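Here is a short briefing to keep beside the viewer as you look around.

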Amino acid sequence: MNIGVIGTGYVGLVQGIVMAQMGLNVMCMDVDKKKINDLKNGIVPIYEPGLKELLDHHLETKRIDFTTDMAEIINFSTVLFIAVGTPANEDGSADLEYVENVAHEIGKLINNYKVIVTKSTVPVGTGKIIKGIIRKEIEARNCEIDFDIVSNPEFLREGKALQDCLNPNRIVIGCETEKAKEIMNDIYGSFNTNQPPIVNTNIETSEMIKYASNAFLAVKISFINEMALLSEKVGADVQTIARVMGMDGRISPKFLHAGPGYGGSCFPKDTKAIVSIAKNYGESMLVIDAAIKANEKQKNKMVEKVIDKLGVENNINGRVIGILGLSFKPETDDMRDAPSIDIIKGLIKAGAQIQAYCPKGIKESKWRLIDYDASIKYMNDEYECSKGCDAMILMTEWSQFRGMDINRIKNNMKNNYFFDFRGVFSKKKELMESIFDYYTIGN
Ligand code: UGA
């Protein structure tokens, strides 16, 4: 079966390469000519462990090809995955412009039966909208061409994208016809080992599952972040609380790590989108709304903590703060909605000078924080980053920070404040307190 993937962002590119790995013939399409040219030459535009190696392999097996030509990919494919971006509008709703443009193009160019699959996270009802657009375009050509619409959300995590995509814990297929269901089950029924359960449902349920899953995880994080703030006040330890809560199988210990707030391309966008979808239907998502607010509060609290310790009357003028980790999570170069952005802005506004280091996030930080450039120096490693600092903030839990020489960090510093926003060293709290004026989250 020939598979087409439209959009080569995180989701589309990983999907395409993984489908090739599953033995299917894949063509990926993007309007960005440079990106497509690079991909044809094995150059991956994002940092995702293992992705380049797998791409190189399938460029050799010739199971994957790239194009900028919509007609070519439509001719080639029986199943077309739409994986273009759905950025947030000002009001939090999802911007469907790219998805709708693709639907128009498909309607203009489709020539025989195809299954059109939404892989992008799209609001409930988008499947029907796409169907309407394609149908109208076909009618405008005075043709009769059969096609089916399917919703097949992606649950991969950045930094673990290949692992998640090759070993998913569930496959969700939302469709309207037996024919589409059979084709989709055929594609996903071929995992060599550990065949995941396939949940067949209708399009709307499938579209909702994705939002419900992401929103629930965001709520879980905001919940534990609020517990962390309270734990600090009452003298409790949030990591022990989370661990013991997690022993209850109904709760699970996952996504209960307190931190500086969730970020990334999904949780912030999807939580706002589901609130906006609900509003359109006259409903309110009170719990998710509270999680969004708690996440904003969490980032502000992190800034307040530093100012409380280092400042005089809310002023940290001239204080030098080292930031370890900029990306929204480890093993990615993605800076979209990273908590580091708001926290760095808050610290600079209060007068701080920033020295930042991140294994992969510096390139993107440079343009995302361009307006603050005069107050930020980017450093080559954690040791250079700590030179002359009053305080260090461990912002993102890259594994290289876990093993760093903390005495060397201390010796490089001018002062000895250490803010561990991920609780990486909280198990060594006594040691940390003997070296630094140490703050760890929720304890
Ligand atoms: C998330 C979901 O986990 C994926 O299942 C989903 O497919 C993806 O969104 C998507 O919709 O495409 P991702 O954004 O890559 O994946 O990253 P996560 O690992 O979920 O982390 C999101 C944020 O939550 C990060 O800022 C992370 O630091 C934070 N987080 C996560 C915590 O603060 N505490 C935790 O316990 C877990």
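In this predicted model, the side chain of K329 places an N or O atom 2.8 Å from an oxygen atom of the ligand. The protein covers 92% of the 710 Å² of accessible area that the ligand has on its own.

**Around the ligand**

- The shell around the ligand holds 19 residues, and the closest of them are F155, L156, E158, K210 and N214.
- By type, the shell splits into nine nonpolar, three polar and seven charged residues.
- Two elements each give two or more residues to this shell, namely α9 (203–234) and α11 (267–280).
- Helix α9 provides the largest share, with three residues.
- Backbone atoms take part as well: a polar backbone atom of E158 is 2.7 Å from an oxygen atom of the ligand.
- For H257, a backbone N or O atom lies 2.9 Å from a nitrogen atom of the ligand.

**The nonpolar cores**

- As a general background, nonpolar side chains tend to be buried together in soluble globular proteins.
- The largest nonpolar core here has 64 residues, and I321, I323, L347 and I354 have the most contacts inside it.
- Another core lies apart from that one; it has 42 residues, including V26, V115, L156 and A180.
- Beyond its neighbours within four places in sequence, L347 is in contact with V303, V306, I316, I321, I323, A352, I354 and I393.

**Helix α13 and its surroundings**

- L347 is also one of the buried residues of α13, together with P339, S340, I341, I343, I344 and I348.
- What do the buried residues of α13 pack against? Their partners are the helices α12 (286–310) and α14 (362–368), along with the strands β9, β10 (353–357), β11 (376–378) and β12 (391–394).
- After α13 comes G351, with a positive phi near 110°.

- K62 has a positive phi, near 65°, and sits in the loop between α3 (51–61) and β3 (64–67).
- Is K62 buried or exposed? With a relative accessible area of 69%, K62 is exposed, because the cut-off for that class is over 50%.
- E331 also has a positive phi near 65°, and its place is the loop between β9 (320–324) and α13 (339–349).
- E331 has a relative accessible area of 27%, so it counts as partly exposed.

**Buried charged residues**

- D164 belongs to helix α7 (residues 161–166).
- Its relative accessible area is 14%, which means that D164 is buried, as the limit for that class is under 20%.
- The side chains of D164 and R157 are joined by a polar contact of 2.7 Å.
- K269 counts as buried because its relative accessible area is 18%, with the limit being under 20%.
- Not counting residues up to four places away in sequence, K269 touches T86, P87, A88 and G92.
- With T86, the side chain of K269 forms a polar contact of 3.4 Å.
- K269 and A215 are 54 residues apart along the chain, and their C-alpha atoms are separated by 9.8 Å.

**A loop residue, N416**

- N416 is in the loop between α17 (406–412) and β13 (417–420).
- At 23% relative accessibility, N416 is partly exposed, since that class runs between the 20% and 50% limits.
- Which residues does N416 contact, leaving aside its neighbours within four places in sequence? They are D390, K410, I435, F436 and D437.
- Of these, D390 is 26 residues from N416 in sequence, with a C-alpha to C-alpha distance of 6.2 Å.

How values were computed:
Residues numbered from 1 in each chain as written. Predicted model: local features only at pLDDT ≥ 70, side-chain atom pairs only at ≥ 80, totals over all residues. Heavy atoms only, no water. Core = buried A, V, L, I, M, F, W, Y, C linked by side-chain atoms within 4.5 Å. Buried < 20%, exposed > 50% of the residue type's maximum accessible area, 1.4 Å probe, protein only. Contact = heavy atoms within 4.5 Å. Near = heavy atom within 4 Å. Polar contact = N/O pair within 3.5 Å; in protein donor to acceptor, adjacent residues only side chain to side chain. Areas by Shrake-Rupley, 256 points an atom, 1.4 Å probe, with all protein chains shown as cover. Helix = DSSP H or I, 4+ residues; strand = E, 2+ residues; numbered from the N terminus. Nonpolar A, V, L, I, M, F, W, Y, C, P; charged D, E, K, R; others polar.
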